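Me: Could you walk me through this structure and say what stands behind each term you use?

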Amino acid sequence: MIHFVLLISRQGKVRLTKWYSPYSQKERTKVIRELSGVILTRGPKLCNFVEWKGYKVVYKRYASLYFCMCIDQEDNELEILEIIHHYVEILDRYFGSVCELDLIFNFHKAYYILDELLIAGELQEPSKKTVARLISAQDSLVETAKEQRSTISNIIAQATK
Amino acid sequence: MAGGVSSSSIMETLFQRTLEDLIKGLRLQLIGESAFVSKAIEEIRREVKSTDPHTKSTALQKLSYLASLHFHDMSWAAFHVVEVMSSSRFSHKRIGYHAASLSFHDDTPVLLLITNQLRKDLASTNEFEVSLALECLSRISTPDLARDLTPEIFTLLSTTKIFVRKKAISVVLRVFAKYPDAVRLCFKRLVENLDSSDPQILAAVVGVFCELASQDPGSYLPLAPEFYRILVDSKNNWVLIKVLKIFAKLAPFEPRLAKRVVEPICDHMRRTGAKSLMFECIRTVISSFSEYESAVKLAVVKIRELLVDDDPNLKYLGLQALSVIAPKHLWAVLENKEVVIKWLSDEDPNIKLESLRLVMAMVSESNVVEISRVLVNYSLKSDPGFCNEILGSILCTCSRNVYEIIVDFDWYVSLLGEMSRIPHCQKGDEIENQLIDLGMRVKDVRPELLRVARGLLIDPALLGNPFLHRILAAAAWVSGEYVEFSRNPFELMEALLQPRTSLLPPSVRAVYIHSAFKVLIFCLHSYILQSESITSSFPDNLVLGVSELVLKKNMLEGSELTTCEAPSAHRSEGFNPRNQSYEDLSIKNGGDRTINHGQTSTPAFSENIFTYDSIINLINQVELALGPLTGSHDAEVFERTRHILCFIELIKGEITECLVQKGKTLESEEMKASKIIKLISDAFSEELGPVSVSAQQRVPIPEGLLLKENLDDLETICADFQVPESNLFSLGSPYYGEEVGVSSFGLQDKEESEPSNEATSLLTEHRKLHGLYYLASEKNEIVGNDYPPANEPKLQVNPNNDTEDLVKLTVQSLATNKKPNHAKTRPVVVKLDEGDLVTVTAKRPETKDDLVSGAVREVLLGSDTRTATSQSNPSDKSSSKRKGKEKINVDRSELKENLGDSEKPKHENPSSRKNKHRISGKERRHKSAGKIGEEREENGQKGMQKSSHRHARHKAPHRSDAPLNVVSQTPVIPDFLL
């Protein structure tokens, strides 16, 4: 299973963290510090796997972002690379040629998309289309609520309640 | 009043900083990050208390942003998270759930409050709300939560909404982990999902079984037919990869399984275009089906494809696969050796490391010399990290199983010396251990060992490198212990006392000083022996000459001595009693020992090396060098220095006299000084052997000694204290002669070293009498404390000296393996017992008897061993058992039918289908009966399955030669219940 997912920028800034195994806040910062030290220093044409404390970390760089996933020894590295690629493609489709800034300003959306892709450290939805459909369905759910809320009458109703 | 509140809330709503504002502000960094963040947190604290749900949720969203990416604590907001979670609006709820899965953990106190909320959301008609709750449960689930929500999960496991069902399936894993009894309720429905035609459901459920099977594979054997069907039918790579993993885990438990699945796996390997699936097939074959020659051959072909690929990922995985297969099929590595060696110089350190491991796997007795030489040369050119990896793996490979593959120990010792001089070498500890270990274990190598040690000691440049200090300590110890092989002990003494030794840490320095003591004793002793033999043959001439020298010498040294002796003489008075007692003790000890070594050793140097002149010089040299150390603050250094200086003081007066007098009063009793020297020399020449790891265990526990069984409290004390392995051959042991009674360690040492003589002989006695009660593995326990006569070392002439190419070397290794023609026979290596040998056998995965698998077995196999935690009512249980028994008759006919069907090998297993129909039919009938009814039904089912196994077991012998079907393998399963 996947123990955690990290998105780290080339400068070492953390852009997303998702923990599927219990890690305390202290451990989390330690893990991130150690791993970014290991991964960011690796050159461009090397393999995408790093052995780390009895686990394996599969990472891949897309533009200025490193997508890292930590897995067990017996897990399949190539499968994880595909999952990472999957995630990036879905993000790309959702944001329209995604860039780091998109993820910075929409960090919660990146989480929601990840939550549709993985659950409990396992892949739950291999179809990109389905994930995109699910996300847009939830978005529209939120949008209609927002529209309702932001009408003048609603605000007045609230103020005078 | 009310208007005031709402107007403040509307102000808040309108002017609240949004998430975007927060992020922009953070990026602008006008006032510095920490100041900005603390200001933002201040705002959030205020806003999150707002009554307006929008303001509240936005505040929470900002807080989760800061918590997840800037690691700010948000535990204080736990209650607000719960509030937002319970909002009726989806947009707010989502923010709340996200915050919860981010910040809650199993100990968060408010978890008690969310049970009802989760239950409500799990039953919601909005599938996205259900999804949120499941998501949350996958992240945080306590035993209480899991128990309370099991019914809801159970319902969701068979919901028609695929989107929800797949999530519920994945979440079940976490629920099982926290609340094993949930297995009894949910497991059957989980299994039913294996038959689903929907690929997402199948992927999810197979993923769950993959995780479950990794904890306790044995319990899931009964499901093998289902997995087999998926393996054959599924076209989905994600699913196939997981199924392969499951089979890899099941295979060791059921040998007959392999026959069935190897073919389909090979088919997948041949056909698939996806590298991930292909690699999974390879891994499954090499890790679990390595006895199937054809499958392994195919896998090796595919590995080769990976190895020659340009993609570094595939290269790396190919190398990893090879190292998995290496222990069982070394030919696979040898076949690909060119490629493997080529990547020793890859730019990727990970790939280099893997290829190094493989190269080491190819090392054998016949090529170890050449491969090591090439690797050492290579290490000189590589970066420090990899250099040490190389050195480490050479050291590790060569010392494996007590130097199993080493034939020419002289070569190995000089290799160790060479390694120590490699600039990046940081393997000091390991080299130190091996130098000392070799000295103690291999008698024949000692002269060469001393030569290497001398080389290291006399090089002043090495003293400056802190990584080498441990090696130098070993070299110093060797030079003291085996000084009799030295050509020139004076040179050794000079090296041991050189001024740059001040750079050494005190612990190493103490070893240096003690070794100097041994060298001094050796010189004095040799001198006495020599002068005795000389005086007996040429009594007058020499003594005259010598006495002349004495006079001259005395005059010369007078000035030197006064300078350095004044302070030490002064101080020594205070220590006198102690020194005295120590001398006595050492004499006693020396007397007790059997003296066998000291006198027989024949000095290899020319005779006239120990002249009176040189001896006096030596003594002066020692005094001069060690004098300043009497002020040392380190106890060890100080004590060693005192020992040696007091000893010198004791003998100094007499050694001059004795020689003068010797000519005149030849008949008189032996001089005190020479007696002391002889005795100490005897003490030192006592041979030190390796101490077994289990030596301590053989010491009988004295009566009345209460040992604490549970040493858990120690763990907290020694949490970060690691016991170095060098303790086995602690440098303390050489001193034990003098330290008896002085330090408490003396006793311990004695205990540890003595048993090798007495206890082991007692043990063998006992073994002879009661051999029955001993483990067979202990029989090579005492290979010997006395060394068999050494073989004459001959020079090994190696015809392949010039070859630098490892590829050729490995070829030779194959060729020479067949006709081992060692020019030199292997010297005896002392092995103590099985404790020395690190057995590297592959262990079968242990069957962890945890709660989940217990429950699973119960459901699947109808195990009689109910787990202790089972909370179901005993009366209920017994009644259900009865019920099960009643059903046996009915079921038997059905099962017969099943078994009959299953004998026909078909891709789609009919029995499983049938089984499903039957179960689902039952399910429908009992659905209305409610929870208790269902549980009962569950138990009844259990009884049925149990009966089916019994039935099948009876049948098994008759069909032993019938074509094996996976279903027929279930009978063996009860074995795992034992």
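Reply: Gladly! In chain B, helix α15 (residues 255-271) has 17 residues and reaches 26 Å from its first C-alpha to its last, close to the 24 Å expected at 1.5 Å a residue. This is a predicted model, in which local features need pLDDT of at least 70 and side-chain atom pairs count only at pLDDT 80 or more, while totals for chains, interfaces and linings use all residues. Residues are numbered from 1 along each chain as its sequence is written, chains are lettered from A and ligands numbered from 1 in the order in which they are written, and side-chain values use heavy atoms, leaving out hydrogens and water.

Me: What makes α15(B) a helix, and where does the expected 24 Å come from?

Reply: Helices are DSSP runs of H or I with at least four residues, strands are runs of E with at least two, and both are numbered from the N terminus. The expected span is 1.5 Å times one less than the number of residues.

Me: Where does α15(B) have a kink?

Reply: At Val261(B), shortly before the proline Pro264(B), with a bend of about 40°. The bend is the angle between axes fitted to the seven residues ending at a residue and the seven starting there.

Me: Which residues of α15(B) are buried, and what covers them?

Reply: Among them are Leu257(B), Val261(B), Pro264(B) and Met269(B). Buried means under 20% relative accessible area, exposed over 50%, and partly exposed in between (1.4 Å probe, protein chains only). The cover includes α13, α14, α16 and α17 of chain B, where contact means heavy atoms within 4.5 Å.

Me: Why is the pair Lys242(B) and Glu122(A) called a salt bridge?

Reply: The term asks for a side-chain nitrogen of Lys or Arg within 4 Å of a carboxyl oxygen of Asp or Glu. Here the closest N and O atoms are 3.0 Å apart, so Lys242(B) and Glu122(A) qualify. Lys242(B) lies in helix α14 of chain B and Glu122(A) in strand β7 of chain A, so the pair joins two chains. Lys242(B) counts as buried at 10% relative accessibility, and Glu122(A) does at 9%.

Me: How do you know that Lys302(B) and Glu305(B) pair too?

Reply: Their closest N and O atoms are 3.8 Å apart, so this pair also meets the cut-off. Both sit in helix α17 of chain B, 3 residues apart, so about one helical turn separates them. Lys302(B) is buried at 12%, whereas Glu305(B) is partly exposed at 37%.
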